[in-house]
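Here's a quick tour of one protein model. Have the viewer open and follow along.

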Amino acid sequence: SDLVVLARAEAAAAEQRRPDRAVRVEAAGPVEATVDPDRVAQVLQNLIGNALDHVPESAVVVRVAGTDDGAELTVRDNGPGIDPEHLPRLFDRFY
């Protein structure tokens with residue numbers, strides 16, 4: 001799957017849900033990866049949605065890049081981030 005195509009589709013869907021906000025996708029070109037496109041879409045929906053919901057004035061940028069050993073997909077905003085005290089439990093279910 002081309003991760004750039006997936007990222008652009010999710011960015012466009014987020015902008016339809018929140019027309020007052022823009023989500024920019026940065027990529028130098030196609031980035032092919034063997035992934036489950038539905039799961040990648042789900043992750044992007046969650047990350048982009050959180051950025052739009054919790055950082056109202058922030059720019060949201062999805063960056064897709066090929067790496068030496070695969071691909072990298074990041075979602076970035078200008079929010080304050082997560083307090084360091086919560087980081088150890090970040091992936092605990094329902095935390």
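Predicted model: local features only at pLDDT ≥ 70, side-chain atom pairs only at ≥ 80, totals over all residues.

## The core

Start with the largest nonpolar core, which has 18 residues. Within it, Leu3, Val23, Ile48, Val62 and Val64 touch the most other members. At least two residues of this core come from each of α1 (3–17), β1 (23–27), α2 (37–54) and β2 (60–67). The top contributor is α1, with 6 residues.

Val64 is worth a click. Setting aside neighbours within four places in sequence, Val64 is in contact with Leu3, Val4, Ala7, Glu26, Ala27, Ala28, Val31, Glu72 and Leu73.

The largest pocket comes in at about 660 Å³. Its lining counts 18 residues, with Leu47, Asn50, Asp77, Ile82 and Leu90 lying nearest the centre.

## Salt bridges

The model has 5 salt bridges. Arg18 pairs with Asp20, their closest N and O atoms being 3.6 Å apart, and these two join Asp53 in a salt-bridge network. Arg18 is partly exposed at 25% relative accessibility, whereas Asp20 is exposed at 59%.

Arg24 and Glu26 also meet in a salt bridge, 2.8 Å from N to O. Arg24 is partly exposed at 44%, and Glu26 is partly exposed at 28%. Another bridge joins Arg89 to Asp92, with an N to O distance of 2.8 Å. Here Arg89 is partly exposed at 41% and Asp92 is partly exposed at 34%.

How values were computed
Residues numbered from 1 in each chain as written. Heavy atoms only, no water. Core = buried A, V, L, I, M, F, W, Y, C linked by side-chain atoms within 4.5 Å. Buried < 20%, exposed > 50% of the residue type's maximum accessible area, 1.4 Å probe, protein only. Helix = DSSP H or I, 4+ residues; strand = E, 2+ residues; numbered from the N terminus. Contact = heavy atoms within 4.5 Å. 1 Å grid on protein atoms, 1.4 Å probe; cavity = no way out; pocket = protein on both sides within 12 Å on 5 of 7 lines; lining within 4 Å. Points joined across faces, edges and corners; volume = space filled by probe spheres on them. Salt bridge = Lys/Arg side-chain N within 4 Å of Asp/Glu carboxyl O.
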